[in-house]
Amino acid sequence: RVEIRSRVPSVVREVHAVLGQHVKRGDPLVTLDSPDVGTARLKLRATQRALLTARIEADWKAQIAETVASLVPQILSHVDAETLEKEYADKPLGAFRGILLDAYSQFDMATHEEQKTAYLSGSQIMGEHPAILAKHTRQGFQAKLLTAVEQAKFDAAQQMRLSHQALKAAEAAVIDAGQRLRILGVDEDVQKLIDDADKVDDAAVDDKVTLYQLVAPFEGNLITKSAVVSQRADPMDLLFTLADLSDVWVTANIPESDIAKLPNIQGGPVRLSATAYPGRIFDSKLLSVGSLVDPLTRTVPLLARADNRDGLLKPGMFARILLDAPVSETVLTVPAASVVEIDGRAGVFRPEASGSDQHTFELCPIVSGRQVGDRIVVKSGLKEGDLVVAGGPFALKSELILQNTPEED
């Protein structure tokens with residue numbers, strides 16, 4: 001059994017359930033209106049937009065890192081610069097396009113210049129100095145190219161890592177915003193909020209962000225209802241009480257004299273009879289037995305669970321349990337209907353021996369024991385074979401009380 005309340009100050013806008021209604025898990029109970037929920041929803045939408053931006057950024061950085069990783073080996077293999085420019089013209093490279101291709105083009109030109117001057121110097125068309133100068137120029141551009149390659153590889157990977165971390169942070173912000181709504185009592189599918197971040201701007205202009213519903217947390221019956229349209233619903237205000245009555249707990253107080261029988265039925269079946277359904281036995285299962293004896297009643301508490309799928313047993317109903325002991329005992333019993341109580345003492349009416357046709361009855365005091373079903377154990381006052389009045393003993397009791405009442409003058 002749970003009490004349904006609003007977790008934030010709200011106003012009831014619509015009530016979807018009535019008292020006594022059987023509801024299933026997830027069925028709407030009431031629609032509430034709360035500014036706190038509206039603020040949390042707007043915050044959630046902002047985090048979803050930030051997530052969408054982070055997702056696009058992370059995807060872009062990942063593509064650049066992948067392109068750089070494929071371009072660098074071709075540069076180091078000295079593939080023709082014009083060929084590389086055409087091949088990577090439509091591939092994402094970001095700022096690395098200018099850095100890498102420019103450094104590679106300068107290195108390529110320096111390489112051709114070195115080859116040309118080396119040929120002219122070898123043919124003695126020009127002196128040795130231009131060839132040496134071209135060689136050192138090529139070495140300088142080669143060093144710059146290698147530096148650019150190393151820096152590009154690191155920067156591209158680092159940017160991808162940072163964008164991935166930013167994406168995780170954006171997802172965490174959406175999760176936190178979704179959990180904030182859960183704290184306020186609005187159940188949100190956090191994973192769906194992350195997956196559908198690209199649909200955040202599809203919300204209608206007139207979308208009522210302050211409205212939310214309280215739903216049934218499990219299948220059961222509404223045993224109390226106080227929600228009324230337009231009422232203010234604070235966290236202290238009870239709106240509904242939902243109870244699962246498919247099974248009920250039965251509590252009983254076991255006399256100290258019967259404690260020895262309890263260990264033998266631990267976890268086993270217990271039979272149950274209810275005053276409202278005479279003659280019917282309900283099956284239940286023992287859940288626990290108390291560890292302490294009540295010093296006033298000299299009893300031990302017992303807890304059992306009874307199947308109540310037909311809904312006959314009601315919480316608060318008086319019931320009696322029947323414990324089946326592992327051994328039988330012979331006792332004297334009388335029908336429970338035959339026992340009356342006069343002046344705090346139990347007794348039964350017995351027919352007196354008389355020669356006339358009219359029957360007379362006498363009250364016989366007894367010491368009664370526990371009740372088993374529709375019979376009561378008699379500890380003393382009767383012996384086996386004695387006749388007792390089983391029908392109409394209360395009429396005899398009333399007549400006896402009238403006879404013993406002194407007449408007024």
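## Close-up views of cores, a helix and salt bridges

View 1. At 39% relative accessibility, Arg-280 is partly exposed (buried means under 20% relative accessible area, exposed over 50%, partly exposed in between; 1.4 Å probe, protein chains only). Asp-310 is partly exposed too, with a relative accessible area of 44%. The two residues form a salt bridge, with their closest N and O atoms 3.2 Å apart (a salt bridge is a side-chain nitrogen of Lys or Arg within 4 Å of a carboxyl oxygen of Asp or Glu). The pair links distant parts of the chain, 30 residues apart. Arg-280 sits in the loop between β10 and β11, and Asp-310 in the loop between β12 and β13 (319-322). Helices (H or I, at least four residues) and strands (E, at least two) are DSSP runs, numbered from the N terminus.

This is a predicted model: local features need pLDDT of at least 70, side-chain atom pairs count only at pLDDT 80 or more, and totals for chains, interfaces and linings use all residues. Residues are numbered from 1 along each chain as its sequence is written, and side-chain values use heavy atoms, leaving out hydrogens and water.

**View 2. Arg-298 meets Glu-256 in a salt bridge.** The N to O distance is 3.1 Å. This pair also links distant parts of the chain, 42 residues apart. Arg-298 is partly exposed at 40% relative accessibility. Glu-256 is partly exposed at 38%.

**View 3. Lys-116 and Glu-113 form a salt bridge within a helix.** Their N to O distance is 3.5 Å. Both lie in α3 (residues 96-122), three residues apart, about one turn of the helix. The structure holds 15 salt bridges.

**View 4. The largest nonpolar core has 34 residues.** A nonpolar core is a set of buried Ala, Val, Leu, Ile, Met, Phe, Trp, Tyr and Cys residues joined through side-chain atoms within 4.5 Å. Leu-29, Leu-32, Leu-239 and Phe-240 have the most contacts inside this core. Helix α1 gives the largest share, six residues. Apart from this core lies another, of 21 residues, among them Val-72 and Leu-93.

**View 5. Helix α4 has 56 residues.** From first C-alpha to last, α4 reaches 82 Å, close to the 82 Å expected at 1.5 Å a residue (the expected span is 1.5 Å times one less than the number of residues). Gly-185 follows α4, and its phi is positive, near 100°.
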